[in-house]
Amino acid sequence: MLNKYARAFFTRVLTPFAAFLIRRGVSPDAVTFIGTAGVVAGALVFFPRGEFFWGTIVITLFVFSDLVDGNMARQLGRSSRWGAFLDSTLDRVADSAIFGGLALWYAGSGDDNILCAVSIFCLASGQVVSYTKARGEAIGLPVAVNGLVERAERLVISLVAAGFAGLHKFGVPGIQVLLPIALWIVAAGSMVTLVQRVVTVRRESEEADAAEAAGAQESETAQ
């Protein structure tokens with residue numbers, strides 16, 4: 001849902017900024033690299049120290065590069081397989097840094113092994129969810145399913161909760177509980193999404209195999 005509606009909205013909002021960067025001679029690939037570096041720095045510098053509010057602010061500023069670089073490529077007419085590959089690969093790096101930073105907090109000063117494990121599960125499940133779609137498409141299947149919690153939902157839920165949880169250091173009582181709740185929601189939602197995609201790939205592969213077998217049988221009959 002967020003991929004469909006929020007992405008379209010922010011794409012329109014960020015189009016003038018993308019055009020400005022093009023006029024300044026900035027390339028889409030450079031925006032992709034800078035955005036990823038900013039997200040990784042925000043996650044791994046602030047989150048392990050429990051600075052969730054400022055970490056979220058930094059990450060949010062850079063995470064929009066995921067929309068800007070694609071917008072720039074379309075304006076330049078340079079949409080390419082390389083650009084899509086680079087963008088997708090660095091998205092995985094950024095996601096890993098966010099949940100890795102949270103895991104480091106809970107493994108250290110946060111002192112909660114269970115939530116550390118949940119953070120690691122969110123990290124791993126996010127990678128596997130993305131892999132199932134990529135692998136399904138690689139073998140010629142459409143993987144036509146909108147998962148319950150995809151990348152946009154994972155980021156919004158986790159970062160909003162982390163940002164609000166960071167207000168605890170500004171004297172807001174009890175609000176830090178939002179982050180553990182969000183991590184459990186993301187973990188459960190990612191598992192549901194993974195099952196949805198696996199079931200979809202199995203159904204589509206069976207349908208494709210059946211259609212292929214029927215086509216072969218018709219060909220033999222015709223001969």
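**Close-up views of a predicted helical model**

**Figure 1. Helix α7 is mostly covered, with 11 of its 15 residues buried.** The structure shown here and in the following views is a predicted model. The buried residues of α7 include R151, A152, E153, R154 and L155. Further along the helix, S158, L159, A161, A162, G163 and A165 are also buried. From its first C-alpha to its last, α7 reaches 21 Å, close to the 21 Å expected at 1.5 Å a residue.

**Figure 2. The largest nonpolar core of the model has 28 residues.** The residues with the most contacts inside this core are F47, I98, L179 and L183. At least two core residues are supplied by each of the helices α2 (28-46), α3 (52-63), α5, α6, α7 and α8 (178-222). Helix α5 gives the largest share of this core, namely 8 residues.

**Figure 3. I98 is among the residues with the most contacts inside the largest nonpolar core.** Which residues does I98 touch, not counting those up to four places away in sequence? They are V39, A43, F47, I59, L155 and L159.

**Figure 4. A second, separate nonpolar core has 7 residues.** Among them are A18, V31, L67 and V68.

**Figure 5. D91 lies in helix α5.** Is D91 buried or exposed? Its relative accessible area is 11%, which is under 20%, and therefore D91 counts as buried. Leaving aside neighbours within four places in sequence, D91 is in contact with D66 and R151.

**Figure 6. D111 has a positive phi of about 50 degrees, although it is not a glycine.** Most residues other than glycine have a negative phi. D111 is found in the loop between α5 (81-107) and α6 (113-138). Because its relative accessibility is 66%, D111 counts as exposed.

**Figure 7. V143 also has a positive phi of about 50 degrees without being a glycine.** The place of V143 is in the loop between α6 and α7 (151-165).

Technical notes: Residues are numbered from 1 along each chain as its sequence is written. This is a predicted model: local features need pLDDT of at least 70, side-chain atom pairs count only at pLDDT 80 or more; totals for chains, interfaces and linings use all residues. Side-chain values use heavy atoms; hydrogens and water are left out. Helices (H or I, at least four residues) and strands (E, at least two) are DSSP runs, numbered from the N terminus. Buried means under 20% relative accessible area, exposed over 50%, partly exposed in between (1.4 Å probe, protein chains only). Contact means heavy atoms within 4.5 Å. The expected span of a helix is 1.5 Å times one less than its number of residues. A nonpolar core is a set of buried Ala, Val, Leu, Ile, Met, Phe, Trp, Tyr and Cys residues joined through side-chain atoms within 4.5 Å.
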